[in-house]
Amino acid sequence: MTVGVEHYVLLSMALFAIGLFGILTRRNALMFLMSVELMLNAANINLIAFAFYHGNLSGQVFALFTMALAAAEVAVGLGIILLLYRNFRDVDVTVPTTMRW
Amino acid sequence: MALLELPAWTALAPALLLALTAMALFIIDSIAPDSRNSGLLAGTTAAGSIVSLGVAVWYLLAGVGTPTVDGGRGVIDVLGNQFVVDQLALFFMVIVAVVTALVAVASYDYMEDHTYQAEYYSLVLLAATGMSFMAAANSLVTIFIALELASLPSYALVSILKDNRGSVEAGLKYFLIGALSSAIFVYGISLVYGATGHLQLENIAAVIEAGEVASDGGHEIADVGGLLGLGILMLIGGFAFKTASVPFHFWAPEAYEGAPAPISAFLSSASKAAGFVIAFRVFTEAFPVAETASAIGVDWALAFIILAIVTMTLGNFAAATQNNVKRMLAYSSIGHAGYALIGLAGISAGGGELVMGAAMMHLFVYGFMNTGAFLFVALAEYWGVGRTFEDYNGLGRRAPVACFALAIFMFSLAGIPPLGGFWSKYFLFTGALEAGLLVVAAALVINSALSLYYYSRLVKAVWIEEPAVERETLSQPVGLYAAIVVAAVMTLALLPLFGPVADTAVDAATAMLA
C-alpha cells in the first residue's frame, strides 16, 4: 500500500508552518536558524514526494542541491551569529538596535 | 564565420570570468596570506570585471542571443537548457560587471586598512558571479543556486567589519530575512514543481498551456490551481527580497546603513538588477499570463501592479523623512525597485515589451547613478565627516569635483531632464500609459516629484548650506574619486548613448515576450 501524495504535502506544510512559527516567536538566533532549516526541509519533502508522484528525478536531484545550500547557509549564518555574540555578548536577535527606523 | 565557432559554454564567459578572477584571488591570497597589497587585489578584481564587461558587450555587439531572423546568432543554450544566453542575460551581465568594477576600484581606498583584503575582494567576485549566472539561469534549480551564490557572500560582505556593531547588526538582519525568504522561495519552487512536474521554465509554461500533466497519475492544472497559485505567490516573495521591494524590503535600510558603503552600492545596484532579471525571466517564460490566470483564478500581473505602487510610495515617503544620508539612499533604492516593478506590472497588457524594456533601461542607468551616490557616501565616510545631511553641509567648497558628481547623481535619480534617469522614467511612464496602467503612471509621477525634494535637499546641503564646523582640506583618495568620476561621466554619457541602450533593452524584452 502506498501513501498518497497529499499526505506528504500535508506533512510538509505542517513542518513549514512549524518553522515559520518558530521564526516569528523565537528570539534566539540559533533557534531561528533551526526554524529556517525546518522550512527548507519541508520543501525537500515536497520535492521528493512530487518527484515520486511525477515519475521524474529532477525533484530528487534538486533536493540534494537544497541540502547542500542549506548547509552552506548555516555555515555563513553561524559565522554571523558568532560575530553577534562577540559584539553584543548575546545571541538574542532583538538586542542589536543601534539602527532604528 | 564558421572558421572560429566557439563551443556553446563559452557563451557564459562573462560569468565564468568573474568566477575565474575569484579563484585567481584565492591563489594570490594563498601565496601571500599576510600581505595587504590592496592595489594588487583591487586591481585584479577590477581587471576581471572589466574583462567580463568587455566580453559581454562584445557578445551583444556580435549578435549572440539576438534571434537569427534579425541577423543574430540566436539564443545559446548551455547545459541542456539550464542556462540560456540571450540579450536579456547579456544586458544584465553588463550591469553586474560595471557595478562590480566600480565597487572594486572604490574599495581600494575604502577598505585600505582592513585586515581581510583578499577575502573581501573574492567575496565580491563570488557574489558577482552568482548575479551574472542569475541573468542566464533558465530553470528554477539554476535560479535558486545562482541566487544563493549571490546571497551567501553578500551576507558575509555586509558584516565584514567584524568589530563594528552596526555592520554586524546589519549582516544579522540581512541574513535572517534572507534565510527566511530563501526558505519561502524554495518551498514555492517545490509547489510549482508539484503542480506542473517540471523545473525548467519553458517546460512549466508548456504544461500550463496544455492544461494538464501527462505523467502516470496525471491531473488537470486547474485542479491544482491553489497549489500553483501559492507557489507563484511564494516565488514573488523570493524576488521581493532580492529586489528589496515590499513585503520583504525591511532588511534594506538596515543592511545598507550598516554595511561598508561600497557594499551598499553593490547590493543596491547589482543585486537588485539580478533579482529583477530572474523575476523577468520566470514570469515571462514560465507563467504565460492568460493560461496561468485561468488556472489559478488571478492575474499575477495584478500582484505586481499593487507591489509596484506600494513599494514606490513607501520607499519615497520613508526616504523623505530621513536625516541620515545613507538611510535616505537606502529607502530611495526601495522606491526605485518600485519603478522597475512597473516592468512586470505592464507585461500582460499590449505593448508590454516597452514597459519591460523601460524597466531594464532604468536598472541600467540606476547601476551608474545609484552606485555613484553610494560611493559618494563611501567618500564621506572615508573623510569621516559624519552621516547626516547637516554633516554634509558645505562639502562643495572643499571637494567641488566629487560634489558636482553628486549633484549629477541626485538629479538623475530624481529624473530631471536631460539626465539618464529622466529618460528611463519617461519610457516607464509612456509604457505604463500605453499598457493602460493609469494609476501606476500617476503614482510614478507623484513619487518622482516627491523624490526631488529629498534628493535636492542633499544637493542643497552640499553646495549652498554653510558648513557647521570649519574643515581642513579634504584628501582626494584616487580609487574613490576615479570610481565616482567614471560613474558621473557614464551618467552623462548615457545621453548620447541612450538610443542603443534603449534599443537593446526593448529588443531583449520583445524577444522574451514573443
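**Notebook: chains A and B, predicted model**

I began at B:Gly297, which sits in the loop between helix 11 (289-296) and helix 12 (300-320) of chain B. Helices here are DSSP runs of H or I with at least four residues, strands are E runs of at least two, and numbering starts at the N terminus. I noted that this is a predicted model: local features need pLDDT of at least 70, side-chain atom pairs count only at pLDDT 80 or more, and totals for chains, interfaces and linings use all residues. Residues are numbered from 1 along each chain as its sequence is written, while chains are lettered from A and ligands numbered from 1 in the order in which they are written.

Is B:Gly297 buried or exposed? I found it exposed, with 11 other C-beta atoms within 10 Å. My cut-offs: buried means 20 or more other C-beta atoms within 10 Å of the residue's own, exposed means 12 or fewer, and partly exposed is in between, with C-beta atoms placed from the backbone. I also checked B:Ala222, which is 75 residues from B:Gly297 along the chain; their C-alpha atoms are separated by 9.0 Å.

**Core**

I looked up the largest nonpolar core next and got 253 residues. Such a core is a set of buried Ala, Val, Leu, Ile, Met, Phe, Trp, Tyr and Cys residues joined through C-beta atoms within 7 Å. B:Val96, B:Met134, B:Ile342 and B:Leu375 have the most contacts inside this core. Helix 14 (residues 352-383) of chain B gives the most to it, with 21 residues. I then listed the partners of B:Val96, leaving out residues up to four places away in sequence; among them are B:Ala128, B:Met131, B:Ser132 and B:Ala270. A contact means C-beta atoms, placed from the backbone, within 7 Å.

**Chain A**

I counted 3 helices and 0 strands in chain A. The C-alpha trace spans about 55 × 25 × 25 Å along its principal axes. For 101 residues, a compact globule would have a radius of gyration near 13 Å, but chain A has 17 Å. That radius is taken over C-alpha atoms, and the globule rule is 2.2 Å times the number of residues to the power 0.38. I see 40% of the chain A residues counted as buried.

From UniProt, an unreviewed entry, I took "transmembrane region" at residues 6-24, 36-55 and 61-85 of chain A. Such annotations may be inferred rather than shown by experiment; the positions use the numbering here and feature names are shortened. Residues 6-24 are 100% helix, with end C-alpha atoms 27 Å apart. Residues 61-85 are also 100% helix, with end C-alpha atoms 36 Å apart.

I tested helix 3 (residues 58-88) of chain A for length: 31 residues at 1.5 Å each should span 45 Å, and the end C-alpha atoms are 44 Å apart, which agrees. The expected span is 1.5 Å times one less than the number of residues. A:Arg89 follows this helix, with a positive phi near 55 degrees.

**Where A meets B**

The contact takes 34 residues from chain B and 34 residues from chain A. Which helix of chain B gives the most to the side that touches chain A? I found helix 6, with 17 residues. That side of chain B divides into 18 nonpolar, 9 polar and 7 charged residues. Here Ala, Val, Leu, Ile, Met, Phe, Trp, Tyr, Cys and Pro are nonpolar, Asp, Glu, Lys and Arg are charged, and the others, Gly among them, are polar.

B:Gly197 follows helix 6, with a positive phi near 80 degrees.

Definitions and conventions: Two residues are in contact if their C-beta atoms, placed from the backbone, lie within 7 Å.
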